[in-house]
Amino acid sequence: MGSNPNRFLESIGFCSSNQEQLLSSCKELLEQNRSLSNGVYRLRNTHSLEQYEVYCHMIEIAGCGQGGWTLVIKVDGNKNDFKYNSPYWTNNETYAVEDGLEGLTETQTKLPSYWNTPFNKLCLGMKVNGVTRWIVVDYQASSLFNVIGAGNFKATAIGREAWASLINNLSLQNNCNEQGFNIQKKHSVYPDQGMDVRIGLVANNENDCLSCNSCIGFGTSVRGCNNDVRSTTCGNIMAVCRADNRDIAAFGYILVQ
């Protein structure tokens, strides 16, 4: 069932060639038919009428809630394709679509759902040492591109503890704890240092956000002291001028509902 979206449309009495009957999210599909399984389905943008294939996760994800999740992006923290200044965060181009349609595997992707799928919450997962942990972020938007593409900071409010739960034994300083989309923090004294995060949280040992040295998130780009560039683009980074520097690269999953 999951691999044949047209079969689902026919099962509820819709002609597969009728564009007007295609739905805009995996959640809507599941609400129409609770027996649907994980797999590839065809959706339609309500406004542009663009049709596109996505992977729908139709069963519950622990930490995020009941099924009907639309996969948007998978990112490998050990690679640079989705670092902060990658054009994939700011354009309407796909990346390795076939790797996205295979589901929650460890292969990077960016699907058309990035600019097409409306949502009320995100399901974020990080996999480290074979263990995947999930959190849910309440946020309403017409698409993730609409949130991230222009580069403006937008806050979220799930709390430091939720972000910290994604990775065991992470390094995250106690203060600042600014979280959201498009976080850009340049050091107030050393402007060549700083950290940029597309989705996540930044922290500091000082009682302000002017010299943040640690973060957790997706789409990270960090420059520490002595022009030390931290290469982890998804996961946890501690970048200070001491021996306790630390990178924990994660394989990251972003789904919406």
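Reader: Why is Cys209 called partly exposed?

Author: In this predicted model, the relative accessible area of Cys209 is 21%. Buried means under 20% and exposed means over 50%, with partly exposed in between. The 21% of Cys209 falls in that middle range, so Cys209 is partly exposed.

Reader: And what makes Cys176 buried, exposed or partly exposed?

Author: The relative accessibility of Cys176 is 23%. That value also sits between 20% and 50%, so Cys176 counts as partly exposed.

Reader: What about Cys215, how far is its nearest cysteine sulfur?

Author: That sulfur is the one of Cys212, at 9.1 Å. This is not within 2.5 Å, so Cys215 is in no disulfide either. With a relative accessible area of 0%, Cys215 is buried.

Reader: Then what makes Cys176 and Cys209 a disulfide?

Author: Their sulfur atoms are 2.0 Å apart, and that is within the 2.5 Å that the rule asks for. The torsion about the S-S bond is 105°, and this link is right-handed. Cys176 lies in strand E8 (residues 175–186) and Cys209 in the loop between E9 and E10, so distant parts of the chain, 33 residues apart, are linked.

Reader: How many disulfides does the rule give in total?

Author: The count is three. Let us turn to another of them, formed by Cys26 and Cys56. Here the sulfur atoms are 1.9 Å apart, again within 2.5 Å. This link is left-handed, with -75° about the S-S bond.

Reader: Why can we say that Cys26 and Cys56 tie together parts of the chain?

Author: Cys26 is in helix H2 (residues 26–32), while Cys56 is in strand E2 (residues 51–57), so the pair joins parts that are 30 residues apart in sequence. Cys26 has a relative accessible area of 0% and is buried. Cys56 is buried too, again with 0%.

Reader: Why is the disulfide of Cys64 and Cys123 given its handedness?

Author: The torsion about its S-S bond is about 85°, so the disulfide is right-handed. Cys64 sits in the loop between E2 and strand E3 (69–76), and Cys123 in strand E5 (residues 119–128). The two cysteines are 59 residues apart, and the pair links distant parts of the chain. Their sulfur atoms are 2.0 Å apart, which meets the 2.5 Å limit. Both Cys64 and Cys123 are buried.

Reader: Now for the largest pocket: how do you know where it lies relative to domain 1 and domain 2?

Author: Look at who lines it. Domain 1 (26–155) and domain 2 (165–248) both contribute lining residues, so the largest pocket lies between them. Its space is about 270 Å³. The lining has 19 residues, and those nearest the centre are Ser221, Val222, Arg223, Val229 and Arg230.

Reader: Which strands supply at least two residues each to that lining?

Author: Strands E9 (194–204), E10 (214–223) and E11 (229–230) do. The largest share, four residues, is from E10.

Reader: What kinds of residues make up the lining of the largest pocket?

Author: Five are nonpolar, eight are polar and six are charged.

Reader: Why is Asn85 called exposed?

Author: Its relative accessible area is 54%. Exposed means over 50%, so Asn85 qualifies. You will find Asn85 in the loop between E3 and helix H3 (97–101).

Reader: What does Asn85 touch, leaving out residues up to four places away in sequence?

Author: Asn85 touches Arg198 and Ser221. Asn85 and Arg198 are 113 residues apart along the chain, with their C-alpha atoms separated by 9.1 Å.

Reader: And for the whole chain, how many helices and strands are there?

Author: There are six helices and 14 strands. Of the chain's 257 residues, 52% count as buried. Among contacts between residues at least 6 apart in sequence, 57% join residues at least 24 apart.

Methods. Residues numbered from 1 in each chain as written. Predicted model: local features only at pLDDT ≥ 70, side-chain atom pairs only at ≥ 80, totals over all residues. Heavy atoms only, no water. 1 Å grid on protein atoms, 1.4 Å probe; cavity = no way out; pocket = protein on both sides within 12 Å on 5 of 7 lines; lining within 4 Å. Points joined across faces, edges and corners; volume = space filled by probe spheres on them. Nonpolar A, V, L, I, M, F, W, Y, C, P; charged D, E, K, R; others polar. Domains from an automatic or database assignment. Buried < 20%, exposed > 50% of the residue type's maximum accessible area, 1.4 Å probe, protein only. Contact = heavy atoms within 4.5 Å.
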